[in-house]
Amino acid sequence: MTDSADGTGLPALPVLDSPRRRVPPTGAKRSWQTGTVLEVRRETPHAATYRVQLEQWQPHLPGQNYLVRLTAPDGYRAQRSYSAASPPEDAGVVELTVDRLPDGEVSGYLHDHVRPGSPLEVRGPFGGWFVWRGDRPALLVGGGSGVVPLACVLRSRAARLATGATPAPVHLVAAARTRAELLYADELTGPFAEDTTVVLSREDDAGPGRPGRPAGRLRAEDLLPHAERLGALTTGDDGADVFLCGSTPFTTAAERLLRELGVPADAIRVERFGPS
Amino acid sequence: MSVVSEGFSGRRGRDPRLPPGQYDVGGSFPVLTAEATPNVTQETWTFRVDGEVETPTTWDWAGVHALPGSAYEGDIHCVTTWSKLGTSFSGVSLDVLLEQVGVRPSATHVLAWASSGYTTNLPLADVTGGRAWLVWEHEGRPLSAEHGGPVRMLVPHLYFWKSTKWVAGLRLLDHDEPGFWERNGYHERGEPWAEQRYAGD
Ligand SMILES: Cc1cc2nc3c(=O)[nH]c(=O)nc-3n(C[C@H](O)[C@H](O)[C@H](O)COP(=O)(O)OP(=O)(O)OC[C@H]3O[C@@H](n4cnc5c(N)ncnc54)[C@H](O)[C@@H]3O)c2cc1C
């Protein structure tokens, strides 16, 4: 540990957000606003995407999330976080993809009651840590609805490429139980196929022209080639970032695999979606 | 200007121990961490109190266990909206450590930090008077690494990001200095009953 430069004589404390992982400024104050749902798209048997038009829209960074708030006639309220699925290049709107949980208070309501034209109270964007800025290679690892903020990265990167920008390379490892439950399956295995590895835990996966992957949870070999290629095994400022998102069991298992492969702990950013 | 969400009644029969916007996770204990779980063991863990104190002091695992023990029984609340009700932790009250180092009258705030570089700031008054602990046991078992073991801080009357995992030290300051989440848009104090989630709440 080095001595502090601030003249207090105290040893400097270690810093989590070192230059390698600098976080963006938090930006303007975000208050609650009532958006309008423009479109509801079914993604999987359990997930739907809500396209919400916002009057006070500000561009988000891929990885950031919005709060959604519900209010009952007697004033009772519930709020939950949902990641932005649409890229910030899609101005004036935000798309949220919501997985319906059994007995879910908020996700159940959204699925049962929210239709095109419905008002929806939201606040955001939030999050200054789990964000992709496009200037560093990144390995993206998502399970279930944890794929949402990572698909936002791929979409934003594609939009930047289309304008002639040169964002750093990324690769998404997207996990789901079955192909039918994989979010954005057509997009991930279509336009983004080059940058995506699909991991199905309950189904063998052998598409035409693709080498098959036997059913099973995330394995070292699903991650290793991409971690190596992108530089996620490199320590220091030259290494890639790893964005890991999903349920607690998924992120815990994936984090262990990544560490065993030799990914430095300080390269991994984790976003966990609620309880196990 | 809040709209009523048509058809929403919410889950009824809410436990009065739940602050607004929180739900009960029951028996599970979710993990929320920004960084990967660091490798801190009972052998390598130390805890230093410095800054605005008379005698900066470092304790190790045996050192904190030699102090009079103390337990917390009650609820904890995470800003991501889960609460865990009727849980328990044991360790040592921060009052005991602060008494040993001798807090200078100039001290007003503390910055708790972990070796990962995670930091969080608290008014001194929030970590004194029997309201904050160093803990190494959860519900009678050793605190697991993913929950901040071997030793984490516990400040259960504030949102749980104030309860630094893998805590390695407390720096007493004569001013307030935002920690990791506080620099990233979260509330300075984080009081669950006032729903102080984000800066400006
Ligand atoms: C930063 C962040 C971003 C998120 N982004 C998304 C997203 O893009 N898409 C998405 O679908 N969800 C996302 N979530 C999860 C979301 O906020 C809610 O937790 C989820 O929709 C459940 O809310 P609910 O009211 O429907 O369920 P609740 O009524 O709160 O819970 C119903 C039951 O499910 C359990 N439960 C609650 N939450 C979860 C969970 N996340 N996983 C498993 N079990 C749970 C509860 O213990 C309870 O038994 C995100 C969470 C965070 C913290």
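**View 1. Polar contacts to the ligand.** A polar contact is here a pair of N or O atoms within 3.5 Å, and the model in which such pairs are listed is a predicted one. An oxygen atom of the ligand is found 2.7 Å from a polar atom in the backbone of A:Glu105. Side chains take part as well: a polar side-chain atom of A:Tyr82 is placed 2.6 Å from an oxygen atom of the ligand, and for A:Arg80 a polar side-chain atom lies at 2.8 Å from a ligand oxygen atom. Of the 900 Å² of accessible area that the ligand has on its own, the protein covers 84%.

View 2. Two or more residues of the shell around the ligand come from each of β4 (77-83), β5 (93-99), α1 (105-113) and β11 (268-272) of chain A. Among these contributions, that of β4(A) is the most, at four residues. At least three residues of the shell are drawn from domain 1 (33-126) of chain A, and at least three from domain 2 (138-272) of chain A.

**View 3. A ligand site shared between chains.** The ligand has 24 residues around it, and those that come nearest are A:Ser81, A:Tyr82, A:Ser107, A:Phe273 and B:Arg11. The site is shared between chains, because the residues that surround the ligand come from chains A and B. By residue type, the shell around the ligand consists of nine nonpolar, eight polar and seven charged residues.

**View 4. The contact between the two domains of chain A.** Chain A is divided into domain 1, residues 33-126, and domain 2, residues 138-272, and the C-alpha centres of these two domains of chain A are 24 Å apart. In chain A, 19 residues of domain 1 are in contact with 15 residues of domain 2. Between them, domain 1 and domain 2 of chain A bury an area of about 1300 Å², and carbon and sulfur atoms give 63% of this area. On the side of domain 1 of chain A, the residues A:Pro62, A:Ala85 and A:Glu89 supply 31% of the area buried against domain 2 of chain A, which is more than any other three residues supply.

**View 5. The interface of chain A and chain B.** Where the two chains meet, 49 residues of chain B are in contact with 48 residues of chain A. The area buried between chain B and chain A is about 4100 Å², and carbon and sulfur atoms account for 56% of it. Within chain B, the residues that lose the most area to chain A are B:Phe8, B:Arg11 and B:Tyr198, which together make up 17% of what that side buries.

**View 6. Backbone details in chains A and B.** In chain A, the peptide bond that joins A:Gly124 and A:Pro125 is cis, with omega at about 0 degrees, and A:Pro125 belongs to strand β6 (residues 119-126) of chain A. In chain B, a cis peptide bond leads from B:Gly149 to B:Pro150, with omega near 10 degrees, and B:Pro150 is located in the loop between β9 (141-142) and β10 (152-154) of chain B. A:Tyr184, although not a glycine, has a positive phi of about 55 degrees, and A:Tyr184 is placed in the loop between β8 (170-176) and α3 (185-189) of chain A.

Note on methods:
Residues are numbered from 1 along each chain as its sequence is written. Chains are lettered from A and ligands numbered from 1 in the order in which they are written. This is a predicted model: local features need pLDDT of at least 70, side-chain atom pairs count only at pLDDT 80 or more; totals for chains, interfaces and linings use all residues. Side-chain values use heavy atoms; hydrogens and water are left out. A residue is near a molecule or strand if one of its heavy atoms lies within 4 Å of it. A polar contact is a pair of N or O atoms within 3.5 Å; within protein, one must be able to donate a hydrogen and the other to accept it, and residues adjacent in sequence count only if both atoms are side-chain atoms. Accessible areas come from the Shrake-Rupley method with a 1.4 Å probe; for residues, only the protein chains shown count as cover. Ala, Val, Leu, Ile, Met, Phe, Trp, Tyr, Cys and Pro count as nonpolar, Asp, Glu, Lys and Arg as charged, and the others, Gly among them, as polar. Domain bounds come from an automatic or database domain assignment. Contact means heavy atoms within 4.5 Å. Buried area is the accessible area (1.4 Å probe) that two parts lose on being put together, summed over both.
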